[in-house]
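Q: Got a model open here and want a quick tour. Can we start with a strand?

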Amino acid sequence: MATSSSLTFPSLNLHQFPSTSRRHKPLLLRPAVTASVSERPSIPATTPSQPRTVVSSPPLQQEPAGPKLPLRKIPGDYGLPLIGPIKDRQDYFYNQGRDEYFKSRAFKHRSTVFRANLPPGPTIARDPRVIVLLDGKSFPVLFDVSKVEKKDLFTGTFMPSTELTGGYRILSYLDPSEPNHAKLKQLMFFLLKSSRDRVMPEFHSSYSELFDSLEAELAAKGKAAFGEANDRAAFNFLARSLYGVDPAKTKLGSDGPKLVGKWVVIQISPLLVLGLPRHLEDLLIHTFRLPPFLVKKDYQRLYDFFYTSAVPILDEAERLGISREEACHNLIFATCFNSFGGMKILFPNAVKWIGRAGVGLHTELAREIRSAVRSNGGKITMAAMEQMPLMKSVVYECLRIEPPVALQYGKAKHDFVIESHDSAFEVKEGEMLFGYQPFATKDPRIFERAEEFVPDRFLGEEGEKMLRHVLWSNGPESENPTLSNKQCAGKDFVVLVARLLVVELFLRYDAFEIEVGKSPLGASVTVTSLRKATF
Ligand code: HEM
């Protein structure tokens, strides 16, 4: 999770070569929805004398089978100490913005792998120097835990104070080589398994409340903010489904989303643009840390809620050899940071992309979803959702075109060589690798029409093969989280809830319209019309 995503998503068309990925036949005539409005011309990643290998489906985490690539010194530098990182921070947040920051450097260095400083830099991060990976071929090295260490770098070149998490280093900050990683991840799998039967009914009830409230707001004001309603629905849904507890019936009441919001912002404010006056903001949140005491009371309220609501999970934690206290802090983090934070970004983004795609796609989805539900006795079931190939493809396309967690990191465990499409680069032990996922999953050497939202991209056998290049979960979509990797423990849960959102939406409405604005996390979506189901 990082800085704002806005209306536009400038492209990184570094390559002038055609992709060899499958041609798509759009199902119906739909206007192309593109992620790019950049005026910058396409730039070649190679000098003409370098060999050009065209990769359609490069093996992930493996040496490529093609011709040996030329070894190239990693281009780019970090500038003068202190001055370089501060100047780069200004470019990243204000002068250029995140996408242009990476794109302009890739253009300058004619490479999708280069050196740069990554914010926040001084005084929050000790060392802001990273090796940036922008293409879909080099990026997956970040999933290879035999090559990269994932210790204390969940948020990047700095780590928020553990005072914000009860003094514990939480699972997301642990490398799989640490003994607690497997135990805690096992606990997360237990949590997800034990809540399995509640997910679909609780999603239906929480998101029906969301649609009711959107309709009421729309009737009263002519428009309705999706974000706030989604925060309420997501928090209620997570509490009710994962723990079987309705927050409204506890001391927490309806305060959950607000408390979580403040606690998350304190942790990741060094990476955000909140919209305060520029110099004040840069000093206040990018140069110094906000003190944890600001959210101490809020966090205690969350802790009390989870400690009393998660009794069977805490019992299991003790059986696994984890104290109730450590487990509780981890449950708060997984539920409020990983899950709630993820849904806060993914859901508005999905509504944005599907909304922009227009009524043609809406009609197709409504037809497919309603017919599958009808033939399953009027119920939304897993089996019914398997009969909705377009819906499934649309969800994967949302996760591809705008991965909810954009920034990923890994520290080289030893010297090794990484490869972009065009060159090989030597990485030294201890160097920090950083991948900007939105560019990796819009790599034009892997995906055709990479900048466009193509709803049926993942249909059929050939479409499914491309799922290995969908990387939102910190791993390929074709692989699964395990106790020894760092892939999102909630991968299947997330895909399921995103599918449920689309299904609930098009069971209830024929079409909808939106306006999109900026927000520090994800898109700010305002619903301007909801056309109730007529067939
Ligand atoms: C839309 C929702 C979600 C998104 C976008 C998301 C995304 C991610 C990503 C990108 C990572 C890897 C971070 C890194 O190391 O670079 C991750 C890790 C993790 N996620 Fe999720 N996640 C979501 C929901 C969930 C849910 C529902 C759970 C479980 C309740 C969960 C539990 C975890 C855990 C425990 C890890 C750390 C895994 C490990 O250390 O091996 N996440 N998530």
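Q: How many residues of β2 are buried?
A: Five of the five residues in strand β2 (residues 113-117) are buried, so the strand is mostly covered. Buried means under 20% relative accessible area, exposed over 50%, and partly exposed in between, with a 1.4 Å probe and protein chains only. This is a predicted model: local features need pLDDT of at least 70, side-chain atom pairs count only at pLDDT 80 or more, and totals for chains, interfaces and linings use all residues. Residues are numbered from 1 along each chain as its sequence is written, and side-chain values use heavy atoms, with hydrogens and water left out.

Q: Which residues sit on each face of β2?
A: Val113, Arg115 and Asn117 are on one side, Phe114 and Ala116 on the other. Both faces are covered.

Q: What does β2 pair with?
A: Strand β3 (residues 129-133), antiparallel, over five bridges. Phe114 has Val132 in β3 as its bridge partner. Two strands pair if DSSP finds at least two bridges between them.

Q: Zooming out, how many helices and strands are there?
A: The protein has 16 helices and twelve strands. These are DSSP runs numbered from the N terminus: helices are H or I with at least four residues, strands are E with at least two.

Q: And how much of the protein is buried?
A: 60% of its 535 residues. Contact means heavy atoms within 4.5 Å. Among contacts with a separation of 6 or more, 75% are between residues 24 or more positions apart.

Q: How many bridges join β11 and β12?
A: Eight, and β12 covers residues 524-532. Ala511 is the bridge partner of Arg531 in β12. Glu515 stands opposite Thr526.

Q: What about the hairpin between β11 and β12?
A: Six residues lie between the strands, and Gly522 there takes a positive phi near 70°.

Q: Switching to α4. What is its span?
A: Helix α4 (residues 196-221) has 26 residues and reaches 38 Å from first C-alpha to last, close to the 38 Å expected. The expected span is 1.5 Å times one less than the number of residues.

Q: Where is the kink in α4?
A: At Glu202, about 30°. The bend at a residue is the angle between axes fitted to the seven residues ending there and the seven starting there.

Q: What follows α4?
A: Gly222, with a positive phi near 85°.

Q: Last one. Where does UniProt place the "binding site" feature?
A: At Cys488, in an unreviewed entry. UniProt positions follow the numbering used here, feature names are shortened, and annotations may be inferred rather than shown by experiment.

Q: Where is Cys488, and what does it touch?
A: Cys488 is in the loop between α15 (460-465) and α16 (491-508). Cys488 touches Trp472, Ser473 and Pro481, leaving out residues up to four places away in sequence. At 27% relative accessibility, Cys488 counts as partly exposed.
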